[in-house]
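Welcome to this structure. Below is a friendly set of numbered notes to read alongside the sequence and the 3D view.

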Amino acid sequence: MSQTRWNSDSNSVPFRPIAEDDVIAMVNKALSGNSHHTTTYKYAFFKSLIDNVFNVDLDTDFLSYDNIASRFTEIYWNLVLNYHLRQEIKTSRHEFTSVEKELFAFCDKYGFCYKEKMSIFPFESLKPDLQLEIIKNVKKQMMKNVVAAFCGDTDDQFYHFNKKDKSDGITLNHDVFVALVKYKSVFEKQNYYEWIKYLEKANLEEDSYALANKLDASTERQNLNPYRVILKDFNQTRCFYCGRMLKEDNKSTPVDHFIPWSFVKDDKLWNFVLACPYCNSAKSNILPARSYFSAIKERNARLCNVDLPMVRQDFKSYSYFKLEEMWHSAVFNGFEEGWSAKVML
């Protein structure tokens, strides 16, 4: 029986060993209509967890609130400001959720146009200091409204948290973490299904078109040029896969997710390589062959020493073991494996 209420400050109920079936049952309970849902917060929070599963510290099972809140904010920036999707079934008590209000107030403060659909710029285009400001504001609402609620819905066994603790994050039950890695795509699809059902109830039919694509697009980075510049400056002058010389024009060189974005749903420098247009197109959503692992391992061992803020930030939670686990998890979740370039120079 859960001891954690939606407004609790902490959960320290001792973790017990949990079988995979029990983790799946907990997720079913938290996401289903049998759980209490007055907003879409729990769906966005769970997506933020599974999108960050490879940012979890492997030694402590710790995940920072900042990582979760950054993804949580990015999701709502797109769904609310870009697509104008309501995040709560309209009642006489509330016109908008607290997160929607934070986003509207932020845009009004800085004069950003958002009242027409598709008029707002991508979240990634915000200046870093403004990103931090809105993430901080949305994080307060996330902490207040969903961290304890989701914990209670998962029988206090998903994670420990203490809102007053200086650690500023959650500690996952290790058995839960293992299950999230193993069934990442399965959980994502389940979450989307329940999320879409709720959004269809909260929005007009014409606004509910292609909801799955809109949920996917809510976290897809559009501008990969900063990564391209770093890799070019790092002297990657040839296609990572086939060895062809790359064009010197930074803007035309494809930046490829070594493990496909459609599985990872995250952008980290250690998972990016530069590729020629042919290899980028041919590889698509296929996992690279194991023969490339020694090259990416050696590249990352050197790249992590580059003294740039983005490099330090992206490599903070990196380990080669994590990259391997990501590859195996993608295979388990149904991704085709073994792609290699036809021509190696």
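Predicted model: local features only at pLDDT ≥ 70, side-chain atom pairs only at ≥ 80, totals over all residues.

**Notes for a new reader**

1. Let us begin with how the chain folds back on itself. Among contacts in the protein chain (heavy atoms within 4.5 Å) between residues at least 6 apart in sequence, 73% join residues at least 24 apart.

2. Residues are numbered from 1 along each chain as its sequence is written, and side-chain values use heavy atoms, with hydrogens and water left out.

3. Now the overall build. The protein chain has 15 helices and six strands; these are DSSP runs numbered from the N terminus, with helices being H or I of at least four residues and strands being E of at least two. For 345 residues, a compact globule would have a radius of gyration near 20 Å, and the 21 Å of the protein chain agrees with that. The radius is taken over C-alpha atoms, and the globule rule is 2.2 Å times the number of residues to the power 0.38. Along its principal axes, the C-alpha trace spans about 65 × 50 × 40 Å.

4. Next, the surface and the interior. Of the 345 residues, 54% count as buried; buried means under 20% relative accessible area, exposed over 50%, and partly exposed in between, with a 1.4 Å probe and protein chains only. The protein chain exposes about 16500 Å², and carbon and sulfur atoms supply 51% of this area. Accessible areas come from the Shrake-Rupley method with a 1.4 Å probe, and for residues only the protein chains shown count as cover.

5. Helix α2 deserves a look. In α2 (residues 41-51), 11 of the 11 residues are buried, so this helix is largely enclosed by the rest of the structure. Among the buried residues are Tyr41, Tyr43, Phe45 and Phe46, and also the charged residues Lys42, Lys47 and Asp51.

6. How many salt bridges does a search of the whole structure find? There are 22, each being a side-chain nitrogen of Lys or Arg within 4 Å of a carboxyl oxygen of Asp or Glu. One of them joins Asp155 and Lys29, with the closest N and O atoms 2.8 Å apart. This pair links distant parts of the chain, 126 residues apart: Asp155 is in the loop between α6 (147-153) and β3 (159-162), and Lys29 is in helix α1 (residues 20-31). Asp155 is partly exposed at 23% relative accessible area, and Lys29 is partly exposed at 39%.

7. A second pair sits in the interior. Asp256 and Lys283 form a salt bridge, their closest N and O atoms being 3.1 Å apart. Asp256 lies in strand β5 (residues 255-257) and Lys283 in helix α12 (residues 277-283), so the pair ties together parts 27 residues apart in sequence. Asp256 is buried at 5%, and Lys283 is buried at 0%.

8. Some salt bridges join into a network. Lys47, Asp51, Arg71, Glu74, Asp266 and Lys268 are linked in this way. Within the group, the side chains of Lys268 and Asp266 meet at 3.2 Å, N to O. Lys268 is buried at 14%, and Asp266 is buried at 10%.

9. Asp61 has a phi near 60°, a positive value in a residue other than glycine; it is placed in the loop between α2 and β2 (62-64) and is buried at 10%. His84 also has a positive phi, near 55°. His84 is in the loop between α3 (65-82) and α4 (98-110) and is partly exposed at 24%.

10. Finally, a pair to locate in the 3D view. Ser294, in helix α13 (residues 293-303), is exposed at 53%. Ser294 and His84 are 210 residues apart in sequence and 45 Å apart in space, C-alpha to C-alpha.
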